[in-house]
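Me: I've got a protein here and a few things I'd like to sort out. Can you walk me through them?

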Amino acid sequence: MTSPVLEMSNVSKTFGSVKALSNVQLTLYPGEVHALMGENGAGKSTLMKVLSGAYKPDAGARILIDGKPVNITDPISSKAAGVSIIYQELALSPNLTVAQNMYLGRELHSYGVVSREKMLKDVEPVLRRLGAQFTGSTIVGTLSIANRQLVEIARALHADSRILIMDEPTTTLSSRETEGLFAMIRQLRSEGLAIVYISHRMDEVYELADRVSVLRDGTYVGTLDRDQISPDAIVRLMVGRELSSLYTKTHKPDLSDAKPVLEVENVSDGTRVRNCSIKLHAGEVVGLAGLVGAGRSELAQAIYGFRPRTTGTMRLHGREFSPDSPRASINSGVAYLTEDRRGNGLFLDMSCRDNTNTAVLKRDSKWGFVLNRRKADERARGAIKDLKVRVPGPEYPVGGLSGGNQQKVLLSRWLEIEPQVLILDEPTRGVDIGAKSEIYKIIDALAQKGVAILVISSELSEVIGIADRIVVMREGVITGEVGGATGIAPTQENIIGFATGATAPVAA
Ligand SMILES: Nc1ncnc2c1ncn2[C@@H]1O[C@H](COP(=O)(O)OP(=O)(O)OP(=O)(O)O)[C@@H](O)[C@H]1O
Ligand SMILES: [Mg+2]
């Protein structure tokens, strides 16, 4: 039995009145992928930020590396102890080169001048080892998200890390990029690195992890060994009970003679979307599937008035609908929840209440003043309760919330305007399994009330679980439809077939 590379115990962390961690422990062995799981706000990122030196733990924490106590006081001492972290939101400087980023904070100096040549030469072996398609002199801002992640990994390897932390690394990757990342992780594991892998995606954890540790409400609940790992076992530890069914479908769209609420005909955006037609009925949940880059978000944005439409017509309740801005779209009752969490328009230093209420402000206020403060408060409290947002109160700034809880606040904003058509783009990305099932229930309840819903999702099991029928896109074109009255079974195989153009669909 090898000895652990890392032992953390008695780790607590308090933010004001919030106890984010309470006597948490974690043990890592060299050459293992250790998944860290837990619901949104459970304390995963906070624990890792303690290890990376971004947060100072409360008194009493013990951190041993190779059996010896280390004093991690800041990111530099953490790095020196062999720890590297890839944050939930990437932290590279886009204007600098790959090499500069890899050296950030510890540039090579020769006679007081940063030696670019030396830096460039120095990072080359690491980049080659990772099979990077770019060089040390590439400007980071020109790279894809996947390649930026590779730069972060390169930075970690270059610093000779023994412990590599990845906080939800795949949320913005395509499936091919994810496969590439997994291959990389396996290689690093075989080289003896200890990898902490944070993810809400059960399939990834199942595929990668040697062990799983679970946090709940800031406390350590337990660790599962490889042969004990199953989705059920993990969920039981995470939520403290069985989760009977993830998907609820109680709504029943009556399509017998219903006119569509929204008709989209031959819409193009001039670049990524070509002649797309789609109909949404009241009370119907339609899935929009396809590979990353297929043009699903672009189609949604063209409908929403966020992108230009170069061809096509749209009708809302039979009348011409041609929004030239998101505002025009919202005023007509068509809302769109963006997938882009960073640029999504959450105001991080504003309260949860104000973020929930921004979309309805116009309706509730006159001459720019918020007339009904109490109503705004009620609304925020309702949203916090419905979506189970983990937040001390409606006054709390959104920036202090965990990633998944921020996503819920954003969702609440769009639910508040009571749209007739709701387009949700990856609504459960980064959201824990308990909250996912809450969001599915909300989608179902909205459909029950007659809202027409279009859900873009890259998680096939999700889209199959919640949608009445699924439209599939490939390279900007709608290539097929499954489920509903199509006669084609809504299976993963059939969807992938249309999404890749690979196989002929199998009849239901
Ligand atoms: N900088 C901060 N200021 C105040 N509170 C914070 C801060 N960072 C985290 N918290 C709180 O600590 C708790 C744990 O948050 P953390 O980000 O560690 O959760 P998480 O497990 O990573 O969740 P997620 O899956 O949503 O990313 C939450 O209640 C969060 O609101
Ligand atoms: Mg987190």
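Me: Which helix is Val-235 found in?
Reply: Quick heads-up: this is a predicted model, where local features need pLDDT of at least 70, side-chain atom pairs count only at pLDDT 80 or more, and totals for chains, interfaces and linings use all residues. Residues are numbered from 1 along each chain as its sequence is written, while chains are lettered from A and ligands numbered from 1 in the order in which they are written. Helices are DSSP runs of H or I with at least four residues, numbered from the N terminus. Residues 231-239 form one such run and Val-235 sits there, in helix 8.

Me: Is Val-235 buried or exposed?
Reply: The cut-offs are 20 or more other C-beta atoms (placed from the backbone) within 10 Å for buried, 12 or fewer for exposed, and partly exposed in between. Val-235 has 20 C-beta neighbours inside 10 Å, so Val-235 counts as buried.

Me: How far apart are the C-alpha centres of domain 2 and domain 3?
Reply: Domain bounds come from an automatic or database domain assignment. That gives 245-333 + 419-508 for domain 2 and 344-417 for domain 3. Their C-alpha centres are separated by 26 Å.

Methods
Helices (H or I, at least four residues) and strands (E, at least two) are DSSP runs, numbered from the N terminus.
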